[in-house]
Amino acid sequence: MRLMPIVVTVVFTVALAYYIYTPLPDAIQEQWKLMILDASFRTAMHLASLKHWLGIDHYITSIRGSMAVFEGTIKGFGSSESDSVVIPGVKVSDIDFVGIPVRLYEPPAGGEGHLRRGLMYFHGGGWALGSGKKGSYDANSRIVSDELNTVVVSVEYRLYPEVHFPVPYLDCLAAAKHFLSPEVLAKYAIDPERVAVAGDSAGGNLAAAVAQAISLDDSMSVKFSVQALIYPVLQALDFSTPSYIQNQHMPILPRTLMVRFWLQYLGADLSLLPQLMVNNHSASHHSAITPELRSRADWTTLLAQKYKKNHRPVVAEKGSNEALKVPGLLDVRASPLLAGPEVLAKCPRAYVITCEYDVLRDDGLMYARRLQDAGVTVTNDHIEDSFHGGFSLTVWPMEFDVGKRMFRGYLNWLQNNL
């Protein structure tokens, strides 16, 4: 009988290790830390799905609750996001821009007699999770404001399930137009020639779409000078690009989760997920998807051979009627990669971070190529040893060396180009 506790302990330890362990590419560093982070996220997802199935709560709301508990636990150990980056002098204010909540960061240098940079940031989270006021988003905004003497505006756009497309985009566009107004720029002593828009993941999608809209708006006397897109999601036509296939089981953002995020954002039926996984929503006989439109997201011509490898395109001959009717599928406000070359030609200079081990790698690579083809100056910072979400992993306890390196590259580019 004395052996029983030992046996139970061994079995539990083995089971826990099996649950946590995920095979990862050799190039990725700090692998066990990433596995533990991924296992924590998967656990939160499983519990949220169970509560949703039982009718207790919406699964996204449950995930937000789990994240809040985690943040509260970290604070209990005496290290919150505000404790982790203490920058005296950076003024932080929670205000509204035309009814849209934003967090404003003003640098300690002030604007007396000197104009400052401006930057608007849209956080990631699959258009459903996240907040610019928490964790690394808050910490990084403080650092950008301080080191680059920049007025940073982090936008709290509305999220799924409360809303879906185009509401998050419209929130961000309204906040951007307000920020770029001469009156607001003058109020915060911002140089109108040095204003950037940036975002990561779903926030990168919003930043690209907003940059396009502002570039085309002749009523705007001030436009963004540069755009910084961190592993942006840019198209929903093809979920079988080489990076979607290569990285379909990678931690943080597996292929199925990204497709689900898209269905949620577009307000589509979640039961269509299996159809989208095999590209039945963009079948070759889809009358609205012209050859010209399809070519704008054609990885066979837009990617370098080292990314294409031996992958083959997946184009369904005949998709299901339901999948073909996904709302917003071809709307460039949702899929900026589908914009025409005449639109891209007017866009600001771009910094695009892509990660080798990310399902969204090819979205960013294709957009960088198309912007370049349209005559836009582009810096594509491809991180060979990184994964989706790495840019946000800069704050204890989930602080990764690759995350700090990516953030420093972003800072350096803004320093030299904004």
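Two strands are taken as paired if DSSP finds at least two bridges between them, and strands (E, at least two residues) and helices (H or I, at least four) are DSSP runs numbered from the N terminus. The structure is a predicted model, in which local features need pLDDT of at least 70, side-chain atom pairs count only at pLDDT 80 or more, and totals for chains, interfaces and linings use all residues. Residues are numbered from 1 along each chain as its sequence is written, and side-chain values use heavy atoms, with hydrogens and water left out.

Strand 2 (residues 100–106) pairs with strand 4 (residues 150–155) in the antiparallel sense over four bridges, and Leu 104 has Val 153 in strand 4 as its bridge partner. Strand 2 also runs antiparallel to strand 1 (residues 91–97), to which seven bridges join it; here Leu 104 stands opposite Ser 93. Strands 1 and 2 form a hairpin with two residues between them, and Val 98 in the turn has a positive phi of about 45°.

Helix 5 (residues 135–147) meets helix 17 (residues 401–417) through Asn 140, Ile 143, Val 144 and Glu 147, which contact Phe 407, Arg 408, Tyr 410, Leu 411 and Gln 415 (heavy atoms within 4.5 Å). The residues of this contact comprise five nonpolar, two polar and two charged, where Ala, Val, Leu, Ile, Met, Phe, Trp, Tyr, Cys and Pro count as nonpolar, Asp, Glu, Lys and Arg as charged, and the others, Gly among them, as polar.
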